[in-house]
Amino acid sequence: MKTSRRDFLKAAGLGITALSLPHPVNGIKKFQPANLGRVTNESTSVYSQPSDKSAILFQRYRDDILHIYNSVESEDGPGYNPVWHRVWGGYVHSAFVQNVRNLLNPIRKEFPSSGQLMELSVPFSQSYRIRQNGRWESFYRLYYSSTHWVFETLEGPDGEPWYRVDNSLLTLSYYVRATHMRKVEPEELSPIHPDVDPKAKKIMISIGPQSLRALEYDQIVKDFYVSTGLPSRLNAPGIIPTDTPKGSHKIEHKRPSVHMGEGTLRYDAEAYELPGVPWVSYFEKTTGVAIHGTYWHNNFGVTMSHGCINMRSEDAKWIYRWCNSSSLDGSGANFQTPVTVY
């Protein structure tokens, strides 16, 4: 059955609802966060106070868009991430709320033959693929800060411009509403601190405090909370461990956009398919462990990954631009930044 115009627009829209304010809490440190947050987990609880000791009032669910009025650092923690968001009706912990924006963009008509790197600039966007019979079928849902290679503009079934995204892992194409994607400008890819001797740069990742430090001449220039690999439960032959491998490594190569997962065509919320993982810096050859941006959680400071180093997308982008690899992929130096995991 062909997708109707009404159903198509409903699936592709963002449905952000205006919400009213709860009562503020006195005596807690406040700061101004992003205005919008997207729930990344199956569900998250809304509490009466910024504390998991307070009453749970109701639930918000995956891909609900929350208006965030301010954020607080709660004395009740948790210690690794004490940030809570004040939303309609109460407070949510920030662990599974991605800070997002809702920015629409001008339409691009022409693209290099190698494709144009673009970033999703809305909380989420429903992609579609075109079947052999010409029917547009719902496919992956793409998320804010994910990056994708765009090759073409065409008219969608709603009469509006859509971009063709080519997925190298699956060797197929799908389509995204054009206004939801922004061009990644050349200056965003320029190296950071190119005047520093590449051999003076190194990355230190500490499993205990879940931190990543970037050093120049043994001085810390950046310090980030991260999420490393979950402790492995099985050490059987053929089973890839989920621990982040300790020891001495080096940045092998870098890619600005990677589809991570099992490489299936499943696009339900529970499938392990992560299209458009941004700012990937590989540092372990055997299992492809990398430092990369993360749009599926905000729970940094605790183990979360299958071995990789999860970072906020903007932080992973800084590392991507700052570190050097041997692939001469814009880093400007044929030197591999050392990575020590301990």
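Trainee: What percentage of the 342 residues in the chain is buried, and what makes a residue count as buried?

Mentor: Buried residues make up 50% of the 342 residues in the chain. A residue is called buried when its relative accessible area is under 20%, exposed when it is over 50%, and partly exposed in between, using a 1.4 Å probe and protein chains only. Before we go on, this is a predicted model, where local features need pLDDT of at least 70 and side-chain atom pairs count only at pLDDT 80 or more, while totals for chains, interfaces and linings use all residues. Residues are numbered from 1 along each chain as its sequence is written, and side-chain values use heavy atoms, with hydrogens and water left out.

Trainee: How many helices and strands are in the chain, and what makes a run of residues count as one?

Mentor: The chain has 2 helices and 25 strands.

Trainee: What makes α2 mostly covered?

Mentor: In α2, 9 of its 10 residues are buried. Among them are Ser313, Asp315, Lys317 and Trp322.

Trainee: Why does tryptophan 318 count as buried?

Mentor: Tryptophan 318, found in helix α2, has 15% relative accessibility, so it counts as buried. Leaving aside neighbours within four places in sequence, tryptophan 318 is in contact (heavy atoms within 4.5 Å) with Ile192, His193, Ala214, Val221, Lys222 and Phe224. Its C-alpha atom is separated by 9.1 Å from that of proline 191, which is 127 residues away along the chain.

Trainee: How do you know that alanine 316 is buried?

Mentor: Its relative accessible area is 1%, so alanine 316 is buried. This residue also belongs to helix α2. Apart from neighbours within four places in sequence, alanine 316 is in contact with Trp279, His292, Gly293 and Met311.

Trainee: What makes methionine 260 buried?

Mentor: Methionine 260 has a relative accessible area of 13%, so we call it buried. It lies in strand β21, residues 253-261. Not counting residues up to four places away, methionine 260 touches Tyr272, Glu273, Leu274, Val277, Val280 and His292. The C-alpha atoms of methionine 260 and tyrosine 272 are 8.1 Å apart, and the two are 12 residues apart in sequence.

Trainee: Which proportion of the contacts in the chain with a separation of 6 or more joins residues 24 or more positions apart?

Mentor: Such pairs account for 61% of those contacts.

Trainee: How do you know that the peptide bond between glycine 77 and proline 78 is cis?

Mentor: Omega there is about 5°. Proline 78 sits in the loop between β6 (70-73) and β7 (83-87). Serine 74 lies in that loop between β6 and β7 too, and at 9% relative accessibility serine 74 is buried. A polar atom of its side chain is 2.6 Å from the backbone oxygen of proline 50.

Trainee: What makes a space a pocket, and what volume does the second largest pocket have?

Mentor: On a 1 Å grid over the protein atoms alone, a pocket is an open set of points with protein on both sides within 12 Å along at least five of seven lines, whereas a cavity is a set where a 1.4 Å probe fits but cannot get out; lining residues have an atom within 4 Å of a point. The second largest pocket has a volume of about 380 Å³. Of its 20 lining residues, the closest to the centre are Asn99, Tyr144, Ser145, Ser313 and Glu314. That volume is the space filled by probe spheres set on the points, which are joined across faces, edges and corners.

Trainee: Which element gives the most to the lining of the second largest pocket?

Mentor: That is α2, with 3 residues.

Terms used:
Helices (H or I, at least four residues) and strands (E, at least two) are DSSP runs, numbered from the N terminus. A polar contact is a pair of N or O atoms within 3.5 Å; within protein, one must be able to donate a hydrogen and the other to accept it, and residues adjacent in sequence count only if both atoms are side-chain atoms.
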